[in-house]
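The stops below are meant to be taken in order.

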Amino acid sequence: MTIAETAIDWFDLHARDLPWREPGASPWSILVSEVMLQQTPVVRVLPAWRNWMARWPTPAALAADPPGEAIRMWDRLGYPRRALRLHACATAIVERHGGEVPDDLEQLLALPGIGVYTSRAVAAFAYGQRHPVVDTNVRRFVSRAVAGEPDAGPATTPADLVACEALLPDEPARAARASAAFMEIGALICTARSPRCADCPVVTTCAWKATGRPMPEGPTRRPQKYAGTDRHVRGLIMAVLRQSDVPVSRHRIDLVWPDEVQRTRALAGLVSDGLAQPAPDLPEHYVLP
């Protein structure tokens with residue numbers, strides 16, 4: 001049995017029950033989930049996704065609201081520029097595709113904020129197409145199971161796409177299922193720090209296991225600190241803006257962080273990124289876009 005078929009059999013029994021995986025999940029709901037899941041764990045995404053889909057079940061519903069409402073609904077999910085990208089994506093879907101998420105890979109890739117990974121994920125998981133869907137978890141799983149390497153490196157390369165595509169079944173829907181299975185095994189079993197090899201469905205054929213499971217050489221990369229960073233200060237300012245239905249004064253913003261230089265830099269960055277803007281006709285006040 002191939003790696004793909006073995007992974008699919010495991011996935012059929014052990015896949016997490018997630019709403020965007022349900023048979024009736026819309027392409028839009030799958031696209032939203034993929035954007036939210038970037039750099040954010042499932043446990044945090046689930047309630048945010050449910051709230052988002054309850055308010056904006058279609059691209060047209062989101063596009064009809066101002067982008068500031070998307071930022072407000074994003075709340076503390078992190079990396080709020082993703083909310084702006086989703087709003088821009090919804091607007092483009094309405095303008096270019098009549099409000100329907102396209103099923104063509106090139107058209108998906110042309111949408112604002114939709115990169116190589118997300119376009120392939122939507123094509124595979126929403127439309128059952130045969131495309132290699134390669135994230136960090138998939139790269140690690142394929143690198144270990146096939147190449148015998150403990151890590152696939154910091155970024156996806158064309159070679160990663162080729163290696164993954166070579167494992168996919170020919171039948172498109174089956175290939176899409178395999179892509180989801182590879183991702184789930186990488187997320188739950190073939191983890192970076194504590195892989196559960198005894199529970200892995202491909203342990204008997206895994207090239208990395210056969211080599212004795214050597215870990216990467218060199219120091220382990222430490223998680224990036226958050227407290228006290230510009231990103232932290234930006235988040236504090238965004239929280240104030242999200243919680244207010246009226247323009248927020250600079251004096252109120254100044255209360256969130258004591259360092260004036262860092263606070264000013266963070267606010268300027270938010271304005272530059274389109275996440276905040278000066279209030280019209282009200283000096284030294286700010287609002288969501």
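This is a predicted model: local features need pLDDT of at least 70, side-chain atom pairs count only at pLDDT 80 or more; totals for chains, interfaces and linings use all residues.

Residues are numbered from 1 along each chain as its sequence is written, and side-chain values use heavy atoms, with hydrogens and water left out.

**Stop 1: helix α8**

Select residues 116-127, which make up helix α8. Helices here are DSSP runs (H or I, at least four residues), numbered from the N terminus. Helix α8 has twelve residues and spans 16 Å from its first C-alpha to its last, close to the expected 16 Å; the expected span is 1.5 Å times one less than the number of residues.

Which residues of α8 are buried? They are Thr118, Ser119, Arg120, Ala121, Val122, Ala123 and Ala124. Buried means under 20% relative accessible area, with a 1.4 Å probe and protein chains only. To see what covers these residues, show α2 (27-36), α7 (105-109), α10 (158-165) and α11 (172-188), which are among the covering parts.

**Stop 2: Ala124**

Stay in α8 and select Ala124. Ala124 has a relative accessible area of 2%, so it is buried. Leaving aside residues up to four places away in sequence, Ala124 touches Gln129, Val133 and Ala176, where contact means heavy atoms within 4.5 Å. Then pick Ala180: its C-alpha is 8.8 Å from that of Ala124, although the two are 56 residues apart along the chain.

**Stop 3: the aromatic rings**

Rings of Phe, Tyr and Trp (its six-membered ring) pair if their centres lie within 6.5 Å; planes under 30 degrees apart count as stacked, over 60 as edge-to-face and the rest as tilted. The model has four aromatic pairs by this rule.

Select Trp20 and Trp49, whose ring centres are 5.4 Å apart with planes at 70°, so the pair is edge-to-face. Trp20 is in the loop between α1 (3-14) and α2, and Trp49 is in helix α3 (residues 42-55), so the pair ties together parts 29 residues apart in sequence. Both Trp20 and Trp49 are buried.

Now select Trp52 and Trp74, with centres 5.7 Å apart and planes at 85°, so this pair is edge-to-face.

**Stop 4: charges over rings**

Select Arg144 and Trp208: the charged end of Arg144 sits over the Trp208 ring, 4.2 Å from its centre. The rule requires NZ of Lys or CZ of Arg within 6 Å of the ring centre and within 35 degrees of the ring normal. Finish with Arg231, whose charged end sits over the ring of Tyr79, 4.2 Å from its centre.

How values were computed:
Helices (H or I, at least four residues) and strands (E, at least two) are DSSP runs, numbered from the N terminus. Buried means under 20% relative accessible area, exposed over 50%, partly exposed in between (1.4 Å probe, protein chains only).
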